[in-house]
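Thanks for making the time this morning.

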Amino acid sequence: MPQTRHLPVNARRALVAVAPPLLAAVVVLSVFLSLRDRLPGRMATHIGPGGEADGFSGQGAFLAVALAVLLGDAVLFGGLTHWIRTTPGVQRVIAVTGGAAAVLTGWLVVAVLLANADADNAASVTLPGLQAVLAFGAAAAYATVGWFACGRVEESETVAGPSVGTALLPLGDAETASWSRVTGSRVLPLTGMLVLTAGLVVGITTGWLPAVPLLVTGAPLALLTGARITADRRGITVTPTLAPWPRLNVPLERIAEAGHRPVNPVRDFGGWGYRARPGASGIVLRSGDALSARLTTGSEFVVTVDDAATAAALLNALADRERRSPAGG
């Protein structure tokens, strides 16, 4: 009996992200061409909450925008799915999101085309609210199917640990030492300032109540984007540079081995800040070298910081000494 060959998991996830926007683009183009002679020259392209048209454009412009959005969806989410393949949990979410967004967009575009067919006046075009419900329902159904089609995140995909790091810093039995560095982000402060600016603009022009979410989100991004990393007998401690809290500590007894490795925030963790994915978590503020600790639970904790090799060597020495001491067992 011939052996069944399964599509590799990364290829399946890419297909989940890319197939819907490409198929939706084909369907939209086919429906448009079949209805072209029945569509008004000036189409209703936006339907308000009441189901009546309140936005209009030419046939060609509407088709171009719709196809650009769908093909852009394929390029963006397909590219992200490939780029962050080393972070399978995030990869799965992005693939499903891209596919579901394309299903939603394609459904609504086709519904608008059908609503415009045979309309004498674009202003008279209406679109029942049921179409939006059906569109979201189809997107949710695809997200469910796509989630399972992506496959489970296997343990072999998420095993993490220091790529470089078994060194011990020379340290006498009676000696103690501490290592500390400040690390920061260039992306998060800029993002925070943009969000804060948007919040101020919304507050001044529209009202302060709608601006609250932007202000609350932007302030931490702008202020809490630097951290002091300390490695000593307490383990790894991360403290914001501009505030005494929130403080994060990984005790020495939880660290099985420390090392360092390069980290890319988007590819490895799907973004900046405090990040968590299956098998790994940590503070990721920039690309580059990172202190990497393999914990006794088997998971990994990382902090992007300069001179991570020295911190790892010190932690290894302190952990080794604690394990060899009578109190440490």
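This is a predicted model: local features need pLDDT of at least 70, side-chain atom pairs count only at pLDDT 80 or more; totals for chains, interfaces and linings use all residues.

Ile283 stands opposite Val303 in β11, and that position belongs to a parallel pairing between β9, residues 280–284, and β11, which runs over 4 bridges. When I speak of strands and helices I mean DSSP runs numbered from the N terminus, with at least two residues (E) for a strand and at least four (H or I) for a helix, and two strands count as paired if DSSP finds at least two bridges between them. Residues are numbered from 1 along each chain as its sequence is written, and side-chain values use heavy atoms, with hydrogens and water left out.

β11 also pairs with β10, residues 288–295, this time in the antiparallel sense and over 5 bridges, with Val302 as the bridge partner of Ser292. β10 and β11 form a hairpin with 4 residues between them, and Gly298 in the turn has a positive phi of about 100°.

How many of the residues of β11 are buried? For β11, residues 300–304, it is 5 of the 5, so the strand is largely enclosed by the rest of the structure; buried here means under 20% relative accessible area, with exposed over 50% and partly exposed in between, using a 1.4 Å probe and protein chains only. Glu300, Val302 and Thr304 point one way from the strand, while Phe301 and Val303 point the other way. In a regular strand, side chains alternate between the two faces of the sheet.

Let me turn to another sheet. Here 4 strands form an open, antiparallel sheet in the order β3-β4-β5-β6, and its edge strands, each pairing on one side only, are β3 (179–184) and β6 (248–250). Within this sheet, β4 (residues 226–232) and β5 (residues 235–240) pair over 6 bridges in the antiparallel sense, and Thr237 in β5 is the bridge partner of Thr230.

Finally, a word on side chains around rings. Arg42 lies over the face of Phe56, at 4.1 Å from the ring centre, and Arg92 lies over the face of Trp147, at 3.9 Å from the ring centre; the criterion is NZ of Lys or CZ of Arg within 6 Å of the ring centre and within 35 degrees of the ring normal.
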